[in-house]
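Please read it alongside the sequence and the model.

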Amino acid sequence: MNDPYVPLPARPAATIMLVRDAPGGVDVFLMRRHSKMEFAPGVIVFPGGGVDDRDRNADIAWAGPPPQWWAERFGIETELAIALVCSAVRETFEESGVLFAGPADGPDGPDGPIGVVGDASVYAEARRALDDRTLSFADFLRNENLVLRSDLLRPWANWVTPEAERTRRYDTYFFVAALPEGQRADGDNTESDRAGWARPQDAIDDFEAGRNILLPPTWTQLDSLAGRTVAEVLAVDRQITPVQPLLEKRGDNWVFEFFDSDRYHRAREKGGSMQWPL
């Protein structure tokens with residue numbers, strides 16, 4: 001008898017891997033999702049989230065590579081590219097307090113103003129309003145005379161939640177960006193119970209030791225950052241190809257299949273993290 005299950009639609013989402021230079025490579029900002037979250041509780045993630053309706057067709061003050069450039073890099077429509085960049089910057093500000101924006105009347109570069117906010121904590125009230133959806137990101141930028149700095153971001157990857165996931169699915173676009181000078185990431189948000197900076201390899205080692213939980217997209221991106229400096233990370237020209245792992249049950253365990261799944265599963269087995277859903 002055929003399985004009548006129809007996969008859930010994958011909602012567009014965006015996440016930014018915040019990096020800063022550290023001895024031996026970069027540190028990356030990571031958060032642990034609350035254990036009571038409906039989707040992926042207790043897992044380690046980067047700041048980010050689903051695209052809000054107001055991220056679409058938003059009248060965003062923009063500096064840096066235009067939406068069409070982002071659309072070409074990710075292989076998507078321009079409208080979605082605008083929404084993803086807007087969502088990535090908005091969600092990162094809401095969840096970490098880091099803001100990739102600058103004064104609209106700042107010094108001009110080839111693609112618009114090039115100044116960057118030095119202390120984003122002055123926008124704490126707006127950050128709370130963005131989080132509870134009483135303020136749109138476009139209105140926030142307009143009210144504060146700010147411009148989104150898309151040139152501070154780099155495209156990195158695109159992962160789609162497996163079709164077998166029956167809670168919710170995401171089509172997630174990964175960006176990478178250096179922590180702007182003078183700003184700090186605080187992890188003050190309602191979705192995580194722990195946040196901080198870590199060496200990518202340390203997070204991977206913790207997974208192998210059973211001290212954290214990494215899903216394949218996060219594990220893979222951490223692996224790709226390990227040992228690189230900020231300058232090296234920002235200089236990488238990534239070929240963005242969508243990755244959708246296969247999730248299937250084998251015996252008592254759920255197993256992900258993707259291009260590097262053998263290494264991932266060896267790490268899972270070492271750490272004893274073989275149960276799914278979590």
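Two strands are taken to pair if DSSP finds at least two bridges between them, and the helices (H or I, at least four residues) and strands (E, at least two) are DSSP runs numbered from the N terminus. The model is predicted, with local features needing pLDDT of at least 70 and side-chain atom pairs counting only at pLDDT 80 or more, while totals for chains, interfaces and linings use all residues. Residues are numbered from 1 along each chain as its sequence is written, and side-chain values use heavy atoms, with hydrogens and water left out.

**Sheet**
- Strand β5 is joined by two bridges to strand β9 (residues 146–149), and these strands run parallel, with W62 standing opposite L148 in β9.
- The open sheet has three strands in the order β5-β9-β6, with mixed pairing.
- Because β5 (62–63) and β6 (101–103) stand at the edges with a single partner strand each, one side of each is left without a neighbour in the sheet.

**Helix α2**
- Of the 19 residues of α2, 17 are buried (under 20% relative accessible area, with a 1.4 Å probe and protein chains only), so the helix is largely enclosed by the rest of the structure.
- After α2 comes G97, whose phi is positive, near 80 degrees.

**Helices α6 and α8**
- Helix α6 (residues 216–225) packs against helix α8 (residues 261–271) at an angle of about 105 degrees, with their axes 11 Å apart; axes are lines fitted to C-alpha atoms over the stretch in contact, and angles run from 0 to 180 degrees between N-to-C directions.
- P216, W219 and D223 in α6 meet R263, Y264 and A267 in α8, where contact means heavy atoms within 4.5 Å.

Conventions. Buried < 20%, exposed > 50% of the residue type's maximum accessible area, 1.4 Å probe, protein only.
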